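Let's take a walk through this structure together, one piece at a time. Have the sequence and the 3D view open, and follow along.

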Amino acid sequence: MLEVSNLEVRLSSFTLREISFTVGKGEFFLILGPSGAGKTVLLETLAGIYYPRQGKILLEEKDITFVPPEKRPISIVYQDYALFPHLTVEENIRYALHFRQQKAGLSWRKLVDFLGIGHLLPRYPDTLSGGEKQRVALARALAASPRLLLLDEPLSALDPSLRGEVGRELKRLNRELGLTVIMVTHDFSEVFSYGERVAVLFGGRLAQLGTPGEVFRRPASLEVAKFVGMENLIPLEREEGSWFLLGRHVNPAQNYPEGKLFAGVRPEDVRVSRLPLSLPYSWEGEVESLVNTGGIFKVEVKVGATRLTAYLTGHQIMEEGLRVGERVYVGFAAEYLCLLKA
Ligand SMILES: Nc1ncnc2c1ncn2[C@@H]1O[C@H](COP(=O)(O)OP(=O)(O)OP(=O)(O)O)[C@@H](O)[C@H]1O
């Protein structure tokens with residue numbers, strides 16, 4: 001339903017370039033990336049706030065590259081809600097009806113019921129909680145009956161319990177209304193809860209596009225690996241044309257004739273045990289530190305001069321009887337090993 005090809009957007013001190021991707025009808029598509037990567041600029045270009053210098057945006061096969069924002073069937077919701085403070089909730093939502101470009105869409109009643117905001121209609125935005133404001137902002141965005149909903153970190157200003165509640169509402173909107181959604185997020189747990197595909201932006205470029213599983217377990221580069229929390233990144237040794245990881249032979253699927261290779265493994269895929277592990281990649285080491293990070297323990301095991309990080313549950317720590325200074329075995333299955341070029 002959305003086709004973005006070779007987009008280039010130049011701002012005074014920032015350029016978004018070579019951005020190409022497609023989003024299917026009814027898809028929940030996510031955009032991830034470090035601060036300043038260009039996530040908001042990309043959303044705002046789709047919304048028509050910036051015009052590209054190059055490239056095309058097709059929405060349902062119609063070229064909308066230079067269509068003004070108010071003529072695009074696209075709504076955008078920001079993290080700070082951006083409600084009009086001098087208008088009541090009802091007036092805020094009705095305002096958006098002027099921009100409705102298609103007869104079809106949710107009726108007023110259905111919209112209000114769907115988001116459960118009937119009791120808030122006479123109130124002013126200042127008197128609403130964060131979750132209520134975000135629901136009103138969503139209602140206003142949906143009142144315009146968009147084909148595509150753009151969300152710029154809509155959950156980040158909410159406390160954790162509201163985040164789950166509003167998040168589930170977003171997924172319901174997407175599923176029950178068949179609405180196509182593109183959402184920017186900083187929160188990795190949201191990626192697995194909501195996203196079908198993820199685009200990772202770095203420095204104005206698309207660094208990777210894939211399913212959450214691909215991006216988190218098969219990052220396309222070292223920088224993406226670091227960004228998505230692949231904490232174990234260990235340089236491989238090269239001896240007589242073969243590659244080794246801490247002395248264990250590694251057989252890359254591809255040929256890497258030269259340069260430096262890193263082994264990447266997610267800490268949640270690393271096992272630590274007091275008994276030898278029957279895994280192709282395992283070593284003997286010593287527990288160097290054990291830190292409770294709120295239910296999950298970060299365990300660092302020293303293997304020679306290298307430190308391997310594992311995330312384990314309190315239950316696993318107790319079962320294994322792990323303690324700092326203990327001799328243990330640490331390792332992972334071959335399927336969790338990801339090779340990355342430096
Ligand atoms: N109107 C503008 N004019 C010039 N530069 C801009 C403009 N808007 C954004 N930028 C710059 O473009 C770059 C990307 O900004 P953007 O807001 O898209 O980042 P982001 O990935 O959304 O970051 P964050 O996660 O911090 O919100 C930044 O360096 C920002 O300063």
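Which residue in E20 does Val272 stand opposite? Val272 faces Val330. Before we go on, bear in mind that what you're looking at is a predicted model.

Strand E16 covers residues 271-273 and strand E20 covers residues 327-332; three bridges join them, and they run antiparallel. Now zoom out a bit. E16 and E20 are part of an open sheet of five strands, in the order E16-E20-E17-E18-E19, with antiparallel pairing. At the edges sit E16 and strand E19 (306-313), each of which pairs on one side only. As you step across this sheet, neighbouring strands are turned by 40° against each other on average, direction ignored.

Let's stay in this sheet and look at strand E17, residues 281-292. E17 is joined to E20 by six bridges, and the two run antiparallel. To spot this pairing, look for Tyr281, whose bridge partner in E20 is Phe332. E17 is also linked to strand E18 (residues 296-303), again by six bridges and again antiparallel. Here the pair to look for is Glu286, which stands opposite Lys302 in E18. As a rule, the side chains in a regular strand alternate between the two faces of the sheet.

If you want to check a pairing yourself, take strand E15, residues 261-265: four bridges join E15 to E21, and they run antiparallel. Ala263 has Leu339 in E21 as its bridge partner.

Next, a pair of hairpins. Start with strand E12 (residues 237-239) and strand E13 (residues 242-245), which are antiparallel and joined by three bridges. Glu237 stands opposite Phe244 in E13. Two residues lie between the strands of this hairpin, where Glu240 takes a positive phi near 45°. Then E13 pairs with strand E14 (residues 248-250), in the antiparallel sense and over three bridges. Trp243 is the residue that stands opposite Val250 in E14. The hairpin of E13 and E14 has two residues between the strands, and Leu246 takes a positive phi near 45° there.

Now for some helices. Two packed helices are described by the angle between their axes and the distance between the axes. Take helix H3 (residues 108-115) and helix H4 (residues 130-143): their axes come within 10 Å and cross at roughly 150°. Angles over 145 degrees count as roughly antiparallel, and H3 and H4 are therefore roughly antiparallel to each other. Their crossing is right-handed. On the H3 side, the contact is made by Leu111, Val112 and Leu115, while H4 brings Arg135, Leu138, Ala139, Leu142 and Ala143. By class, that contact has seven nonpolar, no polar and one charged residues.

H4 has another partner too, helix H5 (residues 160-176). H4 and H5 pack at an angle of about 20°, with their axes 10 Å apart, and that makes H4 roughly parallel to H5. H4 passes H5 in a right-handed crossing. Gly130, Gly131, Gln134 and Arg135 in H4 meet Leu162, Glu165 and Val166 in H5. The residues of this contact divide into two nonpolar, three polar and two charged.

Our last stop is the ligand. Which residues are around the ligand? They are Leu11, Ser12, Ser13, Phe14, Gly33, Ser35, Gly36, Ala37, Gly38, Lys39, Thr40 and Val41. Helix H1 (residues 39-47) gives the most to this shell, with three residues. By class, the shell has four nonpolar, seven polar and one charged residue.

Technical notes:
Residues numbered from 1 in each chain as written. Predicted model: local features only at pLDDT ≥ 70, side-chain atom pairs only at ≥ 80, totals over all residues. Near = placed C-beta within 6 Å. Nonpolar A, V, L, I, M, F, W, Y, C, P; charged D, E, K, R; others polar. Pairing = 2+ DSSP bridges. Axes fitted to C-alpha atoms, helices over the stretch in contact; angles between N-to-C directions. Parallel < 35°, antiparallel > 145°, perpendicular 65-115°, else oblique. Left-handed = near helix turned anticlockwise from the far one by under 90°. Contact = placed C-beta atoms within 7 Å.
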